[in-house]
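Here are my notes on the fold, as numbered points. Have the sequence and the 3D view open while you read.

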Amino acid sequence: MRGRFYMAHYRPNGLDSARLGVVVAKKLAKRANVRNLVKRIAREIFRRHREFLPAVDLVVRLHAPVAKATRAELNLDLLQLLQRLPRQ
């Protein structure tokens, strides 16, 4: 699944809840503080919505540069991706 900034890959995990992995390449976010911010935002959104997600292993990766993106845009993009996950 692809959003404006994020891309998500998922696979059922057979557990009771979802798990998250986050990948942010230096090519798309040059500065470490920006990479850390993107990861922090992804983990926080996941933490807040984990109970509503299906039991999947979810890998979220950045696929577009975020130099001019706002936090609100990043939040919204990831929320839209999580809502598109298939419900079980």
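1. Start with histidine 9: its bridge partner in E3 is valine 59. That pair belongs to the contact between E1 and E3, two antiparallel strands joined by seven bridges. Keep in mind that this is a predicted model.

2. Now for the whole sheet. The three strands form an open sheet in the order E1-E3-E2, and the pairing is mixed. E1 and E2 are the edge strands; each has a single partner, so one side of each is left without a neighbour in the sheet. From one strand to the next, the twist averages 15 degrees.

3. What packs on this sheet? H1 does, touching E1, E2 and E3. The direction of H1 makes about 165 degrees with that of E2. H2, for its part, lies across E1 and E3 and runs at about 30 degrees to E1.

4. I'd look at the length of H1 next. The helix covers residues 32-49, and at 1.5 Å a residue its 18 residues should span 26 Å.

5. Which residues of H1 are buried? They are Arg35, Leu37, Val38, Ile41, Ala42, Ile45 and Phe46. Their arc around the axis is only 165 degrees, which puts them on the same side of H1.

6. On the face of H1 turned away from the buried side you'll find Arg47 and Arg48, both exposed.

7. Last, a loop residue. Alanine 64 sits between strand E3 (56-62) and helix H2 (71-83). Is alanine 64 buried or exposed? With a relative accessibility of 14%, alanine 64 counts as buried, because the cut-off is under 20%.

8. As for the surroundings of alanine 64, leaving out residues up to four places away in sequence, it touches Arg4, Phe5 and Leu28. Lysine 27 is worth a glance too: it is 37 residues from alanine 64 along the chain, yet their C-alpha atoms are separated by 9.4 Å.

Notes:
Residues numbered from 1 in each chain as written. Predicted model: local features only at pLDDT ≥ 70, side-chain atom pairs only at ≥ 80, totals over all residues. Heavy atoms only, no water. Helix = DSSP H or I, 4+ residues; strand = E, 2+ residues; numbered from the N terminus. Buried < 20%, exposed > 50% of the residue type's maximum accessible area, 1.4 Å probe, protein only. Contact = heavy atoms within 4.5 Å. Expected span 1.5 Å × (residues − 1). Arc of directions from axis to C-beta. Pairing = 2+ DSSP bridges. Axes fitted to C-alpha atoms, helices over the stretch in contact; angles between N-to-C directions.
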